[in-house]
Structures are given as structure tokens and as C-alpha cells.
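Welcome, and thanks for taking a look at this structure with us. Below is a short briefing to read alongside the sequence and the 3D view.

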Amino acid sequence: MSFKLIIFQGPSASGKSTLQALLDIPKVVTWTSRAPREGEVNGVDYHFVTKETMCEMFIGGDMLEMTEYQGNYYGTSIVAINQIMNAKQMNSVVMDAKGVKILKERFHDTILVIGVTANKEQCRLRLLSRNTDDKDVSRRLASFEEETSALAQCDIVIYNTEENREKAKRMISYIKRGLVENSELL
Ligand SMILES: Nc1nc2c(ncn2[C@@H]2O[C@H](COP(=O)(O)OP(=O)(O)O)[C@@H](O)[C@H]2O)c(=O)[nH]1
Ligand SMILES: Nc1ncnc2c1ncn2[C@@H]1O[C@H](COP(=O)(O)OP(=O)(O)O)[C@@H](O)[C@H]1O
């Protein structure tokens, strides 16, 4: 059976979005109540909405899953997921451990979960260079150990440190090659 969805999971600033971009397949855009970062585009990086809109969508039954992370909501819409699970083409998404669990229970082995991690100090420096304020850096790093432990549920884990950068890139290219060889869907 071919994979329909490739999920990237891991601590903040481990490099999930970077490796997702390298995989270079269509993305599922999820919803969030957090403010856009510099350079992020509504409808491309996330659907950026208010907390109230996210709550209304959840109560209205529009969300397959919704999670709270560092005081903001993040969620995947049922319509978007159903579309991609019925599509010919494979897609990718970035999601936390709770969301991954829900999607795994629902879609089983049609999903490949790629865990991404790095060392905590490098993640801290990456967060600081992302212009994240000190409080936000501390909050995001506070869940580093928990998010690292949660990588146990992933099918593959990539150690995406500075020193391992080229190896991480190669791993993504091997994964892509494997996906292409085993599927007509890319
Ligand atoms: N469950 C779930 N998690 C999401 C979704 N979208 C993003 N996330 C996760 O929310 C967390 C915070 O994302 P973000 O604010 O972009 O921070 P980043 O991890 O530092 O890039 C990350 O762990 C994401 O993987 C979603 O739709 N559902
Ligand atoms: N292997 C790496 N070595 C050094 N910096 C990296 C590496 N991978 C990603 N980065 C940088 O780290 C920052 C966070 O990466 P990002 O993909 O946004 O993380 P996440 O999506 O997990 O929050 C970005 O500035 C990115 O360019």
C-alpha cells in the first residue's frame, strides 16, 4: 500500500519545516491561532485565524483534531484531510505528537511519520535567531524533552543538527527516492 501522507513531528526549531520543504511534495495547510512570523504567508504556511474562529470550527465539527501548544490552537480540517486521503498525490504536513496519534489511529499505515530532532542548545539558538522573544524561547524549550520522548511513535527519526545537516538532507532524498520507487503518486 502507498503512503498518502508524510507527517513531520518534533520539537520546536528541530527543522521540521526545513526538511518538509526539502521533501518537496504538496503540503496540507493546517490552521492556527498563533500570529504569523515574519515571512509567513496566510494560506501557505498556515491558515492564520483567531482563537474564536478555531473554537467555532472545532465545535462545528470541522476539525479532525485540534491541539493547544504554548497557548495557541492548532488543528487540521476534516475537509482538507479527506481530500488528501482520497487524492492520487501524496502530501506532507507538520503536526505535534497528539495530532499524529489521532491520524495514525484513523489512517494506520497509509501515513509515514518522520520524527525530527536536534540538540537543545542548537534549537535554542535557532529560536533566538528566528526573533522569538525570550519568554517564547523558554516556553518552547520547556517541552523539548517531552517532544523528544514522543518521537518513539515515529517510523523514522532524523537527527537534524548543524553537523548532521548534509546527512539529514541525504536521508530526505533517500526517503523521497523510496517513495517514488514505490508509488506512482508523486
Ligand atoms: N496537532 C496538530 N499540531 C500542529 C498542527 N499544525 C502545527 N502543529 C504543531 O504545532 C506546534 C507549534 O507549531 P509552530 O508554532 O509552527 O512552531 P514550530 O514547531 O516552532 O515551528 C508544532 O509541534 C507543530 O508540529 C495541526 O494542525 N495539528
Ligand atoms: N541542520 C540544520 N543546521 C542548522 N540550522 C538548521 C538546520 N535545519 C534547520 N535549520 C534552521 O533552523 C531554523 C528552524 O528550522 P524550522 O525548519 O523552521 O524548524 P521547525 O519547523 O521544526 O520549527 C531555521 O532557521 C532553519 O533554517
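Let's begin in a sheet, where strand S1 and strand S6 (residues 91-94) run parallel and are paired through 4 bridges. Please keep in mind that this is a predicted model, in which local features need pLDDT of at least 70, side-chain atom pairs count only at pLDDT 80 or more, and totals for chains, interfaces and linings use all residues. Residues are numbered from 1 along each chain as its sequence is written, while chains are lettered from A and ligands numbered from 1 in the order in which they are written.

- Helices (H or I, at least four residues) and strands (E, at least two) are DSSP runs, numbered from the N terminus.
- Two strands pair if DSSP finds at least two bridges between them.
- A residue is buried if 20 or more other C-beta atoms lie within 10 Å of its own, exposed if 12 or fewer, and partly exposed in between, with C-beta atoms placed from the backbone.

- S1 covers residues 5-9, and 5 of its 5 residues are buried.
- In a regular strand the side chains alternate between the two faces of the sheet.
- On one side of S1 are Leu5, Ile7 and Gln9, on the other Ile6 and Phe8, and all of them are buried, so to speak of S1 is to speak of a strand with both faces covered.
- Ile7 has Val93 as its bridge partner in S6.
- Ile7 also has a bridge partner in S7, namely Val113.
- Strand S7 (residues 111-117) runs parallel to S1, joined to it by 5 bridges.
- Phe8 faces Ile114 of S7 across this pairing.

**Strand S7 and strand S8**

- S7 is largely enclosed by the rest of the structure, because 5 of its 7 residues are buried.
- S7 also pairs with strand S8 (residues 156-159), in the parallel sense and over 4 bridges.
- Within that pair, Val116 stands opposite Ile158 in S8.

**The open sheet of 4 strands**

- The strand order in this open sheet is S3-S2-S5-S4, and its pairing is mixed.
- Strand S3 (47-48) and S4 are at the edges with a single partner strand each, so one side of each has no neighbour in the sheet.
- Strand S2 (residues 31-32) and S5 are antiparallel and joined by 2 bridges.
- Thr32 is opposite Tyr74 in S5.

**Around ligand 1**

- Ligand 1 has 16 residues around it, and those that come nearest are Ser12, Thr30, Thr67, Tyr74 and Gly99; a residue is near a molecule if its C-beta atom, placed from the backbone, lies within 6 Å of it.
- Strand S4 (63-69), strand S5 (72-77) and helix H4 (97-107) each give this shell at least two residues.
- The shell around ligand 1 holds 5 nonpolar, 6 polar and 5 charged residues; Ala, Val, Leu, Ile, Met, Phe, Trp, Tyr, Cys and Pro count as nonpolar, Asp, Glu, Lys and Arg as charged, and the others, Gly among them, as polar.

**Around ligand 2**

- Ligand 2 is surrounded by 15 residues, with Gly15, Lys16, Ser17, Thr18 and Arg165 the closest.
- H1 and helix H8 (165-181) each supply at least two residues of this shell.
- H1 gives the most, with 3 residues.
- By class, the shell around ligand 2 has 2 nonpolar, 8 polar and 5 charged residues.

**Helix H5 and helix H6**

- The axes of helix H5 (residues 120-129) and helix H6 (residues 134-142) come within 10 Å and cross at roughly 150 degrees; axes are lines fitted to C-alpha atoms, for helices over the stretch in contact, and angles run from 0 to 180 degrees between N-to-C directions.
- H5 is therefore roughly antiparallel to H6; angles under 35 degrees count as roughly parallel, over 145 as roughly antiparallel, 65 to 115 as roughly perpendicular and the rest as oblique.

**Residues to find in the view**

- Ala13 is not a glycine, yet has a positive phi of about 70 degrees.
- Ala13 sits in the loop between S1 and helix H1 (16-23), and counts as buried because it has 26 C-beta neighbours inside 10 Å.
- Gln70, also not a glycine, has a positive phi of about 50 degrees.
- Gln70 lies in the loop between S4 and S5, and its 13 C-beta neighbours inside 10 Å make it partly exposed.
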